[in-house]
Amino acid sequence: MTQEGEGNLKLMCKLGEGLYEDGLMKGKLESALEMLKDGVDLDKVAKYTKLSLSIIKELAK
């Protein structure tokens with residue numbers, strides 16, 4: 001594989017990782033919102049979604 005090909009492959013891997021991380025965050029936020037709608041305590045939402053309490057408080061507004 002050429003150096004250019006290796007560079008392109010690394011770039012594509014990084015882009016894929018970024019998309020994966022974005023998807024994980026979206027899923028966590030959606031789960032947190034559903035839990036908040038159901039009246040789950042903010043601390044428990046943070047614990048189960050692994051999101052910070054400050055993010056949960058912002059979602060709860």
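Reader: Where do I start with charged side chains?

Author: Start with the general idea. Side chains of opposite charge can pair when their charged atoms come close. In this predicted model, the count comes to two salt bridges.

Reader: Which residue meets Lys37 in a salt bridge?

Author: Glu34 does. The N to O distance is 3.5 Å. Both residues lie in helix α1, which covers residues 3-37. They sit three residues apart, about one turn of the helix.

Reader: Is Lys37 buried or exposed?

Author: Lys37 is exposed, because its relative accessibility is 64% and the exposed class begins over 50%. Glu34 has 44% relative accessibility, so Glu34 counts as partly exposed.

Reader: Which residue forms a salt bridge with Lys61?

Author: Glu58 is the partner. The closest N and O atoms are 3.2 Å apart. Now read the accessibility of each side. Lys61 reaches 77%, so Lys61 is exposed. Glu58 has a relative accessible area of 52%, and therefore Glu58 is exposed too.

Reader: How do I read the packing of two helices?

Author: Take an angle and a distance between axes. Helix α2 spans residues 42-49, and helix α3 spans residues 53-60. Their axes are 9 Å apart, and the helices pack at about 120 degrees.

Reader: What word describes α2 relative to α3?

Author: Oblique. Here is the reasoning. Roughly perpendicular stops at 115 degrees, and roughly antiparallel starts over 145. The angle is about 120 degrees, so α2 is oblique to α3. The crossing also has a hand: α2 passes α3 in a right-handed crossing.

Reader: Which residues of α2 and α3 meet?

Author: From α2 come Leu42, Asp43, Val45, Ala46 and Thr49. From α3 come Leu53, Ile56, Lys57 and Ala60. By class, the contact of α2 with α3 has six nonpolar residues, one polar and two charged.

Reader: Which residues does Leu53 touch?

Author: Leu53 is in helix α3. Leaving out residues up to four places away in sequence, Leu53 touches Leu42, Asp43 and Ala46. Look at Leu42 in particular. Leu53 and Leu42 are eleven residues apart along the chain, and their C-alpha atoms are separated by 7.2 Å. Leu53 has a relative accessible area of 31%, so Leu53 is partly exposed.

Reader: What lies between α2 and α3?

Author: A loop, and Lys50 lies in that loop. Check the backbone here. The general idea is this: most residues other than glycine have a negative phi. Lys50 has a phi near 65 degrees, a positive value in a residue other than glycine. With a relative accessible area of 65%, Lys50 is exposed.

Reader: How should I use sequence separation?

Author: Leu29 and Leu51 are 22 residues apart in sequence, and their C-alpha atoms are 8.2 Å apart. Now take Lys37 and Asn8. They are 29 residues apart in sequence and 44 Å apart in space, C-alpha to C-alpha. Remember that Lys37 lies in helix α1.

Reader: Which residues does Leu29 touch?

Author: Leu29 is found in helix α1. Residues up to four places away in sequence are not counted. On that basis, Leu29 touches Leu51, Ile55 and Leu59.

Reader: How exposed is Leu29?

Author: Leu29 has a relative accessible area of 27%, so Leu29 is partly exposed. Buried would need under 20%.

Definitions and conventions: Residues are numbered from 1 along each chain as its sequence is written. This is a predicted model: local features need pLDDT of at least 70, side-chain atom pairs count only at pLDDT 80 or more; totals for chains, interfaces and linings use all residues. Side-chain values use heavy atoms; hydrogens and water are left out. A salt bridge is a side-chain nitrogen of Lys or Arg within 4 Å of a carboxyl oxygen of Asp or Glu. Helices (H or I, at least four residues) and strands (E, at least two) are DSSP runs, numbered from the N terminus. Buried means under 20% relative accessible area, exposed over 50%, partly exposed in between (1.4 Å probe, protein chains only). Axes are lines fitted to C-alpha atoms, for helices over the stretch in contact, and angles run from 0 to 180 degrees between N-to-C directions. Angles under 35 degrees count as roughly parallel, over 145 as roughly antiparallel, 65 to 115 as roughly perpendicular and the rest as oblique. A crossing is left-handed if the near helix is turned anticlockwise from the far one by less than a right angle, and right-handed if clockwise. Contact means heavy atoms within 4.5 Å. Ala, Val, Leu, Ile, Met, Phe, Trp, Tyr, Cys and Pro count as nonpolar, Asp, Glu, Lys and Arg as charged, and the others, Gly among them, as polar.
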